[in-house]
Amino acid sequence: MEYQTVLNQIQQEFSKVQPSGKVASYIPELAKVPPSKFGMHMYDIDGNNYHFGDSFERFSIQSISKVFTLSLAMKMVGDDLWNRVGVEPSGDPFNSLSQLENDSGIPRNPYINAGALVVADVLVSYFTNPKAALLAFLHEITGDTSIGFNETVAASEKAEGYRNFALVNYLKSFGNIENNVEDVLDFYFHQCSISMSCRELAQAFIIYANHGTLLNSEREFLTGRQVKRMNALMQTCGFYDEAGEFSFEVGLPGKSGVGGGIVAVNPNHYAVAVWSPPLNPKGNSALGMAALERLTTLTGYSIF
Ligand code: GLN
């Protein structure tokens with residue numbers, strides 16, 4: 001089946017479904033987003049794109065940003081990064097503090113918040129202006145310089161971010177945070193506040209489907225080895241304690257965010273982003289997961 005036919009069918013199948021789940025409210029600003037938003041956008045590696053619904057509307061990418069910060073940290077500091085953060089699935093919620101004590105302050109992986117805070121610290125140490133460096137990376141891979149932070153969302157998360165404050169302080173007590181905790185949290189809350197549409201996310205993620213290079217470009221943003229590792233980590237850790245379920249239902253590497261976005265990659269084929277704000281109890285978009293399950297079922301191929 002043609003990709004656009006598949007997307008049309010998914011839109012039709014879900015158009016009458018009331019999404020189950022609840023829009024994230026622990027970041028007050030996110031609770032204001034209408035739950036009925038729904039869009040999907042796919043880029044294939046021949047540069048064609050397919051879409052439906054609210055796929056051009058920007059939303060808060062939240063933890064999807066962890067893929068971009070990890071890519072940048074891998075590129076800049078190389079394998080030394082793995083002395084400070086592990087690569088094992090945690091089986092715990094994204095904001096969990098458990099396991100840090102047993103593992104001496106080395107987070108299980110870069111996608112739980114503890115791991116992403118260590119990656120944020122690495123970038124705060126490496127760059128004089130880490131926020132500008134992150135945006136420059138995103139502007140390069142999307143070709144769109146209007147992508148930026150949403151200061152209201154960043155401030156909203158900071159005002160209520162008790163758990164992330166606890167995590168970063170706890171990590172610092174083990175010596176696994178080099179910088180001032182306020183600086184690390186300021187960077188982290190800003191990376192999570194970035195607004196992007198499904199179209200922009202699918203375009204940005206094409207590098208993970210295309211051996212680290214942009215389409216029609218010789219420029220290598222990540223090496224083949226780095227892309228292999230990025231996709232492996234998305235597959236095993238991208239959905240926290242639902243990583244098994246996402247592999248089981250969808251069968252693609254991917255990453256979710258509490259803004260209701262999910263991006264998934266079918267290496268050598270396409271990158272796809274879906275957005276529906278209501279979240280299941282594990283903090284992943286309920287309708288987004290269901291839509292991606294239909295995508296790999298209807299097209300007849302996942303990575304498995
Ligand atoms: N900014 C959010 C937090 O730290 C990101 C969580 C997520 O998207 N899973 O809680």
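Strand β1 (residues 39–44) and strand β7 (residues 270–275) run antiparallel and are joined by 6 bridges; strands are DSSP runs of E of at least two residues, helices are runs of H or I of at least four, and both are numbered from the N terminus. The model is predicted: local features need pLDDT of at least 70, side-chain atom pairs count only at pLDDT 80 or more, and totals for chains, interfaces and linings use all residues. Residues are numbered from 1 along each chain as its sequence is written.

**Sheet**
- An open sheet of 5 strands has the order β2-β1-β7-β6-β5, with antiparallel pairing; two strands pair if DSSP finds at least two bridges between them.
- β2 (49–53) and β5 (254–256) are the edge strands, each pairing on one side only.
- Y43 stands opposite A271 in β7.

**Domains**
- Domain 1 covers 3–62 + 197–299 and domain 2 covers 65–193, with bounds from an automatic or database domain assignment.
- The contact between them takes 26 residues from domain 1 and 31 residues from domain 2, where contact means C-beta atoms, placed from the backbone, within 7 Å.
- α10 gives the most to the side of domain 1 that touches domain 2, with 6 residues.

**Ligand**
- The residues around the ligand include Q62, F94, E157 and C192.
- The shell divides into 3 nonpolar, 7 polar and 1 charged residues; Ala, Val, Leu, Ile, Met, Phe, Trp, Tyr, Cys and Pro count as nonpolar, Asp, Glu, Lys and Arg as charged, and the others, Gly among them, as polar.
- Domain 1 and domain 2 both give residues to this shell, so the ligand lies between them.

Definitions and conventions
Near = placed C-beta within 6 Å. Contact = placed C-beta atoms within 7 Å.
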